[in-house]
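Here are a few exercises to work through with the structure open beside you. Try each task before you read its solution.

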Amino acid sequence: MAAQLSVSLDKIVHNTRQLCAAADRYGVAISGVSKGTWGCPDVAAAMLAGGVSGIAESRLENIARLREGGITCPLWLLRIPALSEADDVVAMADISLNSEPAVIAALSAAAVRQGKRHGIVLMVELGDLREGVLPGDLSAVITAMDNAPGVELVGLGTNLSCFGGVIPTPYNLGRLCAYAQQVAEQSGCSLRYISGGNSSSLPLLLKGELPAAINHLRLGESILLGRETVHGTALDGLYQDCFILTVELIEIKRKPSLPAGEIGLDSFGNVPVFTDRGERMRAIANIGRADMDITGLVPLEKEIAVIGGSSDHLLLDITDIEEKYKVGDSVRFAIGYSALLQAMRPGSCIHKNIVREDLPAIS
Ligand SMILES: *Cc1c(COP(=O)(O)O)cnc(C)c1O
């Protein structure tokens, strides 16, 4: 059996529902971010069934996949658009996140050509040092937009915990709200969205500490993997196993834990280091680093430990549960975000198995 990734749509609906209900208490709408699944239409539909107000994606190719898969809701483009793709952005997305005046001008021209209106959420740099207009430049960018037909300023947003790992706080998100107030005064109309970030803003929301003016979040990982992203903590009442990887055992043998011989480079150019734990029952599974980031694999059976892997082999220590397994059996794992991305990538060797199931109640 080739390695398989099963995708539980019902667990994704459940996670979305819980998070949307929590956000709703504070007047916060959620865009479901499907980029971890490369715009998988089934996953987006599950998020919509769970109550998100729209879907957000980082790439136009994923937006195309969503539309071809029958997703008709408003779509946001998360990665600030390339100047060269302005026409496609206007044709395919309803709203995009932006920080460059030249790109906004190109979106305006494209919108006029296509007879469309395109929504702009202006990103503000609040310390994480990825995309965003510097606060001191906001006023000038808004003024320039006054003369840009076809595009409409629909909100202000920020993105934290991505490049710099900067944690969202009442202070930095409060600054976003203050800038939104200034922009509303300057442009004479209130902004529809004050978009306070991604899954790393959830701990604040759940503690009731998100500044009151924030009315929108963009959530991907928390819905898909059931955890917040500041510390990677599992969120109560959410499933962490919406995605389960199943692999087959192709060798099981008792072997020493120390390699025999002089140690040089391993197959990825590193000098490996080992601890002597005596003889251990080792299993090899049919997946490897060519498939995904194996550091993100967590065996569902807690007695199994991942020892490491090469391009095509995953090495497991099954000593504590050896009587349960024989060659040909399968082993299951929960996966991390980068492993999810690699497994879901269209054309990956991992077979995707979209499942619906009757869920046990979760408190
Ligand atoms: C990826 C992304 C998100 C979603 O992040 P998660 O951590 O998956 O919730 C939100 N906003 C932007 C701009 C993004 O690039």
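**Exercise 1. The ligand and its polar partners**

How far is an oxygen atom of the ligand from an N or O atom in the side chain of lysine 35? Keep in mind that you are looking at a predicted model.

*Solution.* Start with lysine 35: an N or O atom in its side chain is 2.7 Å from an oxygen atom of the ligand. Next, go to arginine 218, where a polar side-chain atom lies 2.8 Å from a ligand nitrogen. Asparagine 159 comes next, with an N or O atom of its side chain 3.4 Å from a nitrogen atom of the ligand. On its own the ligand has 380 Å² of accessible area, and the protein covers 93% of that. Finally, zoom out to the surroundings: 13 residues surround the ligand, and the closest are Lys35, Ser199, Arg218, Gly220 and Glu221.

**Exercise 2. An aromatic pair**

Which geometry do tryptophan 76 and tyrosine 193 show, stacked or edge-to-face?

*Solution.* Tryptophan 76 and tyrosine 193 have ring centres 4.9 Å apart, with 75° between the planes. Planes over 60 degrees apart count as edge-to-face, so this pair is edge-to-face. For burial, the cut-off is under 20% relative accessible area. Tryptophan 76 is buried because its value is 3%, and tyrosine 193 is buried too because its value is 19%.

**Exercise 3. A glycine in a strand**

Is glycine 155 buried or exposed, and which residues does it touch?

*Solution.* Find strand β7 (residues 151-157), where glycine 155 lies. Its relative accessibility is 0%, so glycine 155 counts as buried. Setting aside residues up to four places away in sequence, glycine 155 touches Ile120, Val121, Leu122, Leu191 and Tyr193. That list brings back tyrosine 193, the partner of tryptophan 76 in the aromatic pair. One more distance to check: the C-alpha atoms of glycine 155 and leucine 97 are 9.1 Å apart, and the two residues are 58 residues apart along the chain.

**Exercise 4. A buried aspartate**

With which side chains does the side chain of aspartate 317 make a polar contact?

*Solution.* Begin in strand β14 (residues 314-317), which holds aspartate 317. At 7% relative accessibility, this aspartate 317 is classed as buried. Its side chain makes a polar contact of 2.8 Å with the side chain of arginine 280, and another of 2.6 Å with the side chain of threonine 319. Beyond its neighbours within four places in sequence, aspartate 317 is in contact with several residues, among them Arg277, Met281 and Glu303.

Note on methods:
Residues are numbered from 1 along each chain as its sequence is written. This is a predicted model: local features need pLDDT of at least 70, side-chain atom pairs count only at pLDDT 80 or more; totals for chains, interfaces and linings use all residues. Side-chain values use heavy atoms; hydrogens and water are left out. Rings of Phe, Tyr and Trp (its six-membered ring) pair if their centres lie within 6.5 Å; planes under 30 degrees apart count as stacked, over 60 as edge-to-face and the rest as tilted. Buried means under 20% relative accessible area, exposed over 50%, partly exposed in between (1.4 Å probe, protein chains only). Helices (H or I, at least four residues) and strands (E, at least two) are DSSP runs, numbered from the N terminus. Contact means heavy atoms within 4.5 Å. A residue is near a molecule or strand if one of its heavy atoms lies within 4 Å of it. A polar contact is a pair of N or O atoms within 3.5 Å; within protein, one must be able to donate a hydrogen and the other to accept it, and residues adjacent in sequence count only if both atoms are side-chain atoms. Accessible areas come from the Shrake-Rupley method with a 1.4 Å probe; for residues, only the protein chains shown count as cover.
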